[in-house]
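Let's take a walk through this protein together. Please have the sequence and the 3D view open as you read.

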Amino acid sequence: MKRIAVLTSGGDAPGMNAAIRAVTRTAISMGAEVFGVQLGYQGLIDGIIIPLGARDVAGIIQRGGTMLGSARCDEFKTAQGQREAIRNLHQHGIEGIVVIGGNGSQTGANALAKQGFPVVGVASTIDNDLYGSDITIGVDTALNIVLEAIDRLKVTASSHQRAFMIEVMGRNCGYLALMAGIAGGAETIVIPEYEVEPEYVAKDIARAYEKGKQHAIIIVAEGAKNNTQVLETYFAEHKEELGFSIRTTILGHVQRGGTPSASDRILASRLGSEAAKALLGGNHGVLIGMIKNELVSTPLEVVVEEKKELDRSWFEMAEMLDR
Ligand code: ADP
Ligand code: F6P
């Protein structure tokens, strides 16, 4: 295999650039030519494919986002869209592709693999919901952004003896919220995996007040059944039982826009480099992830079928630390 491509897809994640750089430079070191597909699968369908040399990926390791651009592309979910994408790859003489992205993107990668096109995935999403990797590119940076916000909100919360609900991203996965809750010293954590009812959250806030705390922090995953909207409605109806007055902050996309942390740059470099080696070495149809600090390749069909579990002991520990 002499000509490969790389694309980034789905929600951008800090560290994607470091992964593009690692794929490109590793493949060039191994004697291959590299091409970048802009705007994820949309660019594959539209044929927006550019050559990538070692100098083209210079100065990007420290930049968040993705120099190739990303997209959500419904057309790629169709057989027609996938045919068009494969036709464009063949037309450019491209023999294999690295897909850097999350769950949806790897489902797309699996679709290409099932049609016989050599593809290797790189685990990249701030949600950390991808089977086949303990940790994904972007999580560490996003977590640090959430923590900075929690620390700042605690300052004003203490001054005014208030409770704050902070909504954290993660789609249907509570990983980011749970880790933010542990590292940020939250009173209560609400995540989809281990749902708690509004009455329980209200009791937790009241208890914090009775214990003499000056503030209460509630971290709520966006995917929780009892999300910030549900909780706000409940708290409005039970104001007098709370003890604290309450404010809500939805962190939103600010969580995705950070300068990649050292840890994300290293993870992305390792995964990207290994992906290029795997593809050029003939190990394709797999996702490259990190399990117990080892680089591991897992078949894409397993990645898309299996669900990554969130260890309940983390949640129980968080509850014990709130005293
Ligand atoms: P992420 O990769 O961050 O989870 P998405 O779920 O939005 O983000 O997926 C990114 C893209 O992957 C989608 O816009 C689509 O182009 C492609 N994709 C998602 N699901 C499928 C699928 N079932 N079949 C083919 N392509 C898919
Ligand atoms: O998958 C990453 C993510 O940031 C999720 O946490 C969030 O639910 C979603 O993307 C937001 O999507 P968009 O950027 O399309 O609004």
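Domain 1 (3-138 + 260-305) and domain 2 (141-256) each supply at least three residues to the lining of the largest pocket. Keep in mind that you are looking at a predicted model. The space inside this largest pocket comes to about 550 Å³. Its lining is made up of 29 residues, and G10, R72, G104, S105 and R171 are the ones nearest the centre.

Which helix gives the most to this lining? Find helix 4, residues 103-114: six of its residues take part.

Now turn to a pair of helices. Helix 5 (residues 139-159) packs with helix 6 (residues 175-183), and their axes are 10 Å apart at an angle of about 50 degrees. Because roughly parallel would need an angle under 35 degrees and roughly perpendicular one of 65 to 115, helix 5 counts as oblique to helix 6. The handedness of this crossing between helix 5 and helix 6 is right-handed.

Conventions
Residues numbered from 1 in each chain as written. Chains lettered and ligands numbered in written order. Predicted model: local features only at pLDDT ≥ 70, side-chain atom pairs only at ≥ 80, totals over all residues. Heavy atoms only, no water. 1 Å grid on protein atoms, 1.4 Å probe; cavity = no way out; pocket = protein on both sides within 12 Å on 5 of 7 lines; lining within 4 Å. Points joined across faces, edges and corners; volume = space filled by probe spheres on them. Helix = DSSP H or I, 4+ residues; strand = E, 2+ residues; numbered from the N terminus. Domains from an automatic or database assignment. Axes fitted to C-alpha atoms, helices over the stretch in contact; angles between N-to-C directions. Parallel < 35°, antiparallel > 145°, perpendicular 65-115°, else oblique. Left-handed = near helix turned anticlockwise from the far one by under 90°.
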